[in-house]
Amino acid sequence: MRSVAGQVFLVELLIVLLLVVAAVTAVTLEAHSRTEEAARKITRAAAQSFAYSPGMVEALESEDPTARLQPLTRRISKENDLDSLVVFNLDYVQLTSPYPSFIGRPYELPDEVRDRVVPELRQGRTVTFTLEERSGYHSITTAVPIFAPDRSPKGVVAANIGVGRVDEVAYSNLPVLLGSAAGAVALAAAGTALVSRRLLRQTRGLGPTDMTRMYEHHDAVLHAVREGVLIIGGDGRLVLANDEARRLLGLPADAEHRPVAELGLDADTEALFTTEETVTDRVHRESGRLLVVNKRPTAPYGGFPGGVVTLRDSTELFELTGRVEVAGRRQQLLYEAGVGIGRTLDVGRTCEELAAVAVPRFADVVAVDLLDEVLRGEEPEGSGSRRSLIRTALRGAVASEGFRAPGEGFTPEPGAPQARSLDSGRALLVTEEGEWGEAGARAEAGERAEAGEATSGTSVAPAPETSASEPSSGSGSASVSTAHGPATGSLITVPMAVRGVVLGQVTFWRRAGSVPFAEDELTLAEELAGRAAVSVDNARRYSREHGMAMALQRSLLPSSLPRQSAVDVAFRYLPARAGVGGDWFDVITLPGFRTALVVGDVVGHGIHAAVAMGQLRTAVHNFSALDLPPDEVLGRLDELVARLDSDTSGTQITGSTCLYAIYEPVTGICTMARAGHLGPALVAPDGTASYPEVAVSPPLGVGGHPFETTRLTLWAGSQLVLFTDGLVESRTHDLDEGMERLRSALSGTAPRDPEDLCRAVMEQMLAPSRAGEPPAPLTDDVALLVARTGLLDPVRVANWEVAMDFAAVASVRADCVRQLRQWGLDEIVFTTELVISELLTNAIRYGAPPVRVRLLYERSLVCEVSDGSSTSPHLRWASTTDEGGRGLFLVAQLAHRWGTRYTPEGKVIWSEQLATGEGGEGSEEADGEATPATPSPSNVPPPNGGSASGGPR
């Protein structure tokens, strides 16, 4: 048995014996399992059939259950080959038993039955289990609960088959199995002998020596491969090392059979080779090489304890992979630049985003300098380096390095890298200290000594300092001025150009401790600067257009307020951050010391909305000059909006809103109408704020609906608050919440003038929703107009009822003269007498009753003559032969101004004369000239805001 075939015969015979033994054991166990499963089915079927049989509940409830059930259980046990079929009552007293002496005796439940089986029975479940009694009797038992029709428990039926009987059945076929196994072994032995003879022929009778020779051939192949192979034993000794492994690791000639710790390898390599863990493609550095190491244990594959280690030299591959990784990192940097640069239309913020992307992943320090005209939003002109630059962003700098701070202006010194880059229009790489170190410092020092630093008016906040490395310091190190940065290291300076127009430049620095810039990084720097330049140009264009729109809007909104006789007015206006909107307001002086208060909101944003707002505001002024009531003013605005939208193909303004109110200081009545606009708020003299009911009509341009008016009687000292939806509605809260916040801001016990009320409203409505948070940017324009009402002194109001008789003119004229003398207006008595005579005569001649005369005296004298007709007077030239037609001409010549307004009762012809008497306030105020608006408070700095007041209260 020294041959390989003989050894194979013995091994195969042993394997067959093991398989036969295992097969016999498995068949026996399977027979036992099948017999036990059959016993479980038999006991389960017998117990369930008996428990659910008709009359079972009646038998248990009878006077003698045993007499009725004992014969049945014996017969069923015999028919089904059961050891026993026992019926228990609820107290587990045996009502039937194969042993008569046990009938009537309580059954002592084993612990397992009490803990596991009984709870299942109470739930109405059938339980099959192996019962091990204290007496040593083991059986397969099935217990079935018995329930009455009303689901009340009555007892339990248990069927048993002994485990010993199961084993007898299972082992009854064992002799047959053993005989079959012996026959199988004999057949296997014969087959193995035949296989061994055939193997002997195939191996030509080779013995161990011949097999060793074959191993030596395989060993030669092992040492010839270009992958290092190490076999390490379980005791930590090197068993085998091929030639490639010796070359890669520098092993000595006698390395085999020596402990790995004595091979001169570093500690990490030694730990890697001797670890029991599996290693897969781990990159390890050894003797200046990058090795890919794999290790697998030999024991699981039938070998001796230990492991096999393979080594592959991947130094050149990893160098190539390193280049690929660098390219990947650059591509990732460009992707992040595309995502992170230009997120806002702000020039300074865009420059800071460029610096944040580049530091510290590309450079240690980054400075972005833009042309002065770019920061102003203007188009850059000219080229070359002799142009003023403004430091817009700086990141990664240390104070000791002396960089220019953001906001400082400078002109690049000729010969400096920045100047050379701007002159050539290309990126410039500098790695030698002499080109941009001390020479640059001396150049800038000369600039500062001669003229000092030019500082731009543009304020740019510096970026946080996140430099990748600190600069080296020492007495011998030269430092460069703020224009050029640190004195050692390398830099790349790149012009920021779009469409051939230079906007500025960006400079990247790396300090001496960092890897210097390489030539291939110029492309990356140009790409970063180019992407930032596009975003800066977009932001510049947006800033220019936004500034133009803002300037247009400011020019169309009132910059000052006319002085009013009985109204104090204050206002606030805040434009939206996203763009110019169409919110607007106005205060218009009307005849008779009345005041028109207007607030509106044009649909959309931008220049189109600002232009439309100017058109509507101009139209309101024109309609107010006609002295039309609020409903007619809005009706004509509605027609105008519809006509503008039909005449133009641009932005549609249908849906714009407006509220128009006229306050009469003599009666205290405010008449208003609104077209889709929010209603006003009213603050009573006691500080109570409310929202009066004001009839609402469709927005402007919808058409087809009349506009309704609402009349409110206001007490002296009341404050009427007009506003746009931008004040009460935003993304953080809905309209109802905003209206309630406004009511809270307006309410208060202490009296406040309109200016204080404006300030309080803006502070509270624009405050952040949570403490400590910055105010949210406005998404819509905010317009706020507050008017505190007053009443004219009754002493300065005079009324007369005039009969439709020319003779009554003289008496009324005399009464008016006496009233004027009481007011101290002697100088205008004569002209007023003529005006009243002409107006009153015309009313009696051409009008209808009732005819009334009213004199109002405040800053000027107003004469009003009303009648019940709606005829319109006209000023005309009378010929020399005409007997009449000169009355209105005389009135126009004598009065400062005159006009007609229509009322529901008829019309009123009025004239206004400058009051120069003792009580007069001068012609300047009588003309209603505007006075500059009060400056806005510092805590709420709106672009437009102010107040105006005048007249007694």
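The place of proline 360 is in the loop between helix H11 and strand S10, where helices (DSSP H or I, at least four residues) and strands (DSSP E, at least two) are runs numbered from the N terminus. Proline 360 is joined to valine 359 by a cis peptide bond, with omega at about 0°. This is a predicted model, in which local features need pLDDT of at least 70 and side-chain atom pairs count only at pLDDT 80 or more, while totals for chains, interfaces and linings use all residues. Residues are numbered from 1 along each chain as its sequence is written, and side-chain values use heavy atoms, with hydrogens and water left out.

A cis peptide bond also joins proline 849 and proline 850, again with omega at about 0°, and proline 850 lies in the loop between H22 and S30. A further backbone feature belongs to arginine 151, whose phi is near 70°, a positive value in a residue other than glycine. Arginine 151 is found in the loop that runs between strand S3 (138–147) and strand S4 (153–162).

The search of the whole structure finds 34 salt bridges, a salt bridge being a side-chain nitrogen of Lys or Arg within 4 Å of a carboxyl oxygen of Asp or Glu. One of them joins arginine 361 to glutamate 336, with the closest N and O atoms 2.2 Å apart. Because arginine 361 sits in the loop between helix H11 (347–358) and strand S10 (365–371), whereas glutamate 336 belongs to helix H10 (residues 315–340), the pair ties together parts that are 25 residues apart in sequence.

## The sheet built on S9

An open sheet is formed by five strands in the order S6-S5-S9-S8-S7, with antiparallel pairing (two strands pair if DSSP finds at least two bridges between them). At the edges stand strand S6 (238–241) and strand S7 (279–286), each with a single partner strand, so one side of each is left without a neighbour in the sheet. From one strand to the next, the twist averages 25° (axes are lines fitted to C-alpha atoms, for helices over the stretch in contact, and angles run from 0 to 180 degrees between N-to-C directions).

Strand S9 (residues 306–313) pairs with strand S5 (residues 228–233) in the antiparallel sense over six bridges. Valine 229 has threonine 310 of S9 as its bridge partner, and isoleucine 231 stands opposite valine 308 in S9. S9 also pairs with strand S8 (residues 289–297), in the antiparallel sense over seven bridges, and here valine 293 has leucine 311 of S9 as its bridge partner. Helix H9 (residues 267–274) lies across S5, S7, S8 and S9, and runs at about 160° to S7.

## The sheet from S29 to S33

A further open sheet consists of five strands in the order S29-S30-S31-S33-S32, with antiparallel pairing. Strand S29 (797–802) and strand S32 (897–903) are the edge strands, each pairing on one side only. On average, neighbouring strands of this sheet are turned by 15° against each other, direction ignored.

Within this sheet, strand S30 (residues 851–857) and strand S31 (residues 860–867) pair in the antiparallel sense over six bridges, and the bridge partner of tyrosine 857 is leucine 861 in S31. Helix H21 (residues 808–822) packs on the sheet and touches S29, S30 and S31 (contact means heavy atoms within 4.5 Å), with a direction that makes about 170° with that of S29. Helix H22 (residues 829–846) lies across S29, S30, S31 and strand S33 (906–914), and runs at about 15° to S31.

## Two helix pairs

Helix H17 (residues 607–625) packs with helix H18 (residues 630–647) at an angle of about 145°, with their axes 10 Å apart. H17 contributes Gln615, Leu616, Ala619, Val620 and Phe623 to the contact, and H18 contributes Val633, Arg636, Leu637, Leu640, Val641 and Leu644. The residues of this contact divide into nine nonpolar, one polar and one charged (Ala, Val, Leu, Ile, Met, Phe, Trp, Tyr, Cys and Pro count as nonpolar, Asp, Glu, Lys and Arg as charged, and the others, Gly among them, as polar).

The axes of helix H19 (residues 735–746) and helix H20 (residues 754–765) come within 9 Å and cross at roughly 140°. Gly738, Arg741, Leu742, Ser744, Ala745 and Leu746 of H19 make this contact with Leu757, Val761, Gln764 and Met765 of H20. The residues of the contact of H19 with H20 divide into six nonpolar, three polar and one charged.
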